[in-house]
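The points may be read alongside the sequence and the coordinates.

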Amino acid sequence: MNELPMLHNYLVVGAILFALGTVGFLARRNLIVMFLSAEMMLQGVSLNLVAFARYRSNLQGQAFTLFIITVAACEAGIALALILMLYRRRRSLDVTLWQELREPTVEPTFDEEPLPPPPVEEPLPRLTPAGLEPVHGQETSHV
Amino acid sequence: MRLPSILLQIPAPAPGRSLLLLLVPVALGLIAVYLLLPRPRGTRPLWGTLSAGMAILLAGWLLGRSGSGRVETVLFYTLSAIAILAGGLLITLRNPVRAALSFALVVLSTCGLFLLQAAPFLMAATIIIYAGAIVVTFLFVIMLAQQVGTSDADQRSREPFLSSLAGFVLLGAVLCMLHLTYSTERFDALLARARAAAEMPTLEEIRNMLGSGNDFFDALHREAQHAHIAPDKTKAFEDSLSALEENWNPPSWDADKMRSALRKLYEEGVAIRNSYGNLQPPRESSFLPPGIDNKKQPLELSTYSRLHSNQPSTQPLRDAQGRSVLPAENVAYLGRTLFSDYLLAVELGGTLLLVATVGAIAIAGRRPEGLR
């Protein structure tokens, strides 16, 4: 029986990370979480490439992964700048606020269910004043 | 009749039961993610967490049936369980700060998996760039774009059922393809038939067992093509298979000779089956450079992993005790590869980073309103 973890297992883990990233990118509406999901898809692909590098006993997969990291860094910089721009325009990170970018034949979507009311925060405890409040006034200095 | 080689790569469908068993954790994961995606009415955390736990346990059991208790195996399962759990948390948590932190956890456990696969430089680079720079920048942007209270962006999902269906149908398709490619079930069944036939007393019974036609041998030929990593073993197996096939129709061997040939075939087949998708290349691997005599001394994995990408290396570096210098001494070789084979790509990557820096500053810089 084989003793070491096989190529197959690493490919399965990479596929699961990729699929979870796909679901996150499609379902979430926060721009930042969508972007994190895309980065997680890249992690799954890198895992595949490194596994193949070891399976094939050469460094081509590792070199490729290094370029993926480079491109991901560029992508993160540009995307964060864009997200900041979009936030300044709409004061929100919700991606559905940019529905005017849709195709002309597609109907816009509306949210029917109201959001739950925000949780009521307990007021912070206030200390009862202790002692006498000193007289506020010009302090005389004797120099 | 031998099939053309492209057809040999595509396996015929395996027995359906294990394929269905493979789809159970995928369906459980779909249910879990669907139940846990944020929505304004509130999610069902109990059922979602239950099905997520069952999906992960079942997937681990399906993967780990052939595993053993070695350190590398235990580390692999721990790290991949952490990575998958943190990935699920990333897409289901409502607070984007927590999502960014669980993304950092995904990156860290993936780095552990990189280290298990003899990629120490990639581990360090990924930790520094992803977990160090990118996650911190994300957190910074989240703080800048602070949203007070509940918001549409975090409390709602876009089409939760359709998107989780899309993702998990993709996952199921990939897993089925991997299962069909790396499953040894059909090969095991064929080898078990060969083994059972080798126990039969007379030639008649052997021929009844394996069928008088050549179907059995054709199936074995197809299966043997999968073991790309061990061409020597495949060649030995093919040779004894061809010898057996030539004397099968019409039968020219007596029962004893047939039995010993089948036994030899079984042992060589088991050797091939054990090298299916194995990450450690066998001693007789053709990937070794011609200068190294692998019959003299056993070679560690470091010898394999430190190879240059497309040129054979010379003797492995060893310390005074004769051990390899590092468990996976391939950082220097990765650097040499990058600055010789991939020099143009490295230069292009540097240019891309520069352009991205300029672009990010140009996009995000605050300008006076009149200049927009």
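1. Helices, as the word is used in this note, are DSSP runs of H or I with at least four residues, numbered from the N terminus. On that basis A:Arg91 belongs to the segment after helix 3 of chain A. The model is a predicted one, and the remarks that follow should be read accordingly.

2. Overall make-up of chain B. The secondary structure of chain B amounts to 16 helices and zero strands, and buried residues account for 31% of the 372 residues in the chain. If one takes the contacts in chain B between residues at least 6 apart in sequence, 66% of them join residues at least 24 apart.

3. The interface between the chains. Chain A contributes 70 residues to the contact and chain B contributes 92 residues. On the side of chain A that touches chain B, the elements giving two or more residues are helix 1 (7-27), helix 2 (31-56) and helix 3 (60-90) of chain A, and the largest share, 21 residues, is that of helix 3 of chain A. By class, this side of chain A has 46 nonpolar, 16 polar and eight charged residues.

4. B:Leu85. This residue also lies in helix 4 (residues 71-92) of chain B, and it counts as partly exposed because 17 C-beta neighbours fall inside 10 Å. Between B:Leu85 and B:Ser102 the separation is 17 residues in sequence and 9.0 Å in space, taken C-alpha to C-alpha.

5. A helix pair within chain B. Helix 9 (residues 185-198) and helix 11 (residues 215-224) of chain B have axes that come within 10 Å and cross at roughly 140 degrees, which makes helix 9 of chain B oblique to helix 11 of chain B. The crossing of helix 9 and helix 11 of chain B is left-handed. In this pair B:Arg186, B:Phe187 and B:Leu190 of helix 9 meet B:Phe216, B:Ala219, B:Leu220 and B:Glu223 of helix 11, giving a contact of five nonpolar, no polar and two charged residues.

6. Helix 6 of chain B. At 1.5 Å a residue, the 25 residues of helix 6 (residues 120-144) of chain B should span 36 Å, and this agrees with the 35 Å between its end C-alpha atoms. Its buried residues include B:Phe121, B:Leu122, B:Tyr130, B:Ile134 and B:Phe138.

7. Phi of A:Arg91, a residue other than glycine, is positive at near 55 degrees, and A:Arg91 counts as exposed because it has 11 C-beta neighbours inside 10 Å. Phi of B:Glu159, likewise a residue other than glycine, is positive at near 45 degrees. B:Glu159 is placed in the loop between helix 7 (152-155) and helix 8 (160-182) of chain B, and with 13 other C-beta atoms within 10 Å it is partly exposed.

Conventions:
Residues numbered from 1 in each chain as written. Chains lettered and ligands numbered in written order. Predicted model: local features only at pLDDT ≥ 70, side-chain atom pairs only at ≥ 80, totals over all residues. Axes fitted to C-alpha atoms, helices over the stretch in contact; angles between N-to-C directions. Parallel < 35°, antiparallel > 145°, perpendicular 65-115°, else oblique. Left-handed = near helix turned anticlockwise from the far one by under 90°. Contact = placed C-beta atoms within 7 Å. Nonpolar A, V, L, I, M, F, W, Y, C, P; charged D, E, K, R; others polar. Expected span 1.5 Å × (residues − 1). Buried ≥ 20, exposed ≤ 12 C-beta atoms within 10 Å, placed from the backbone.
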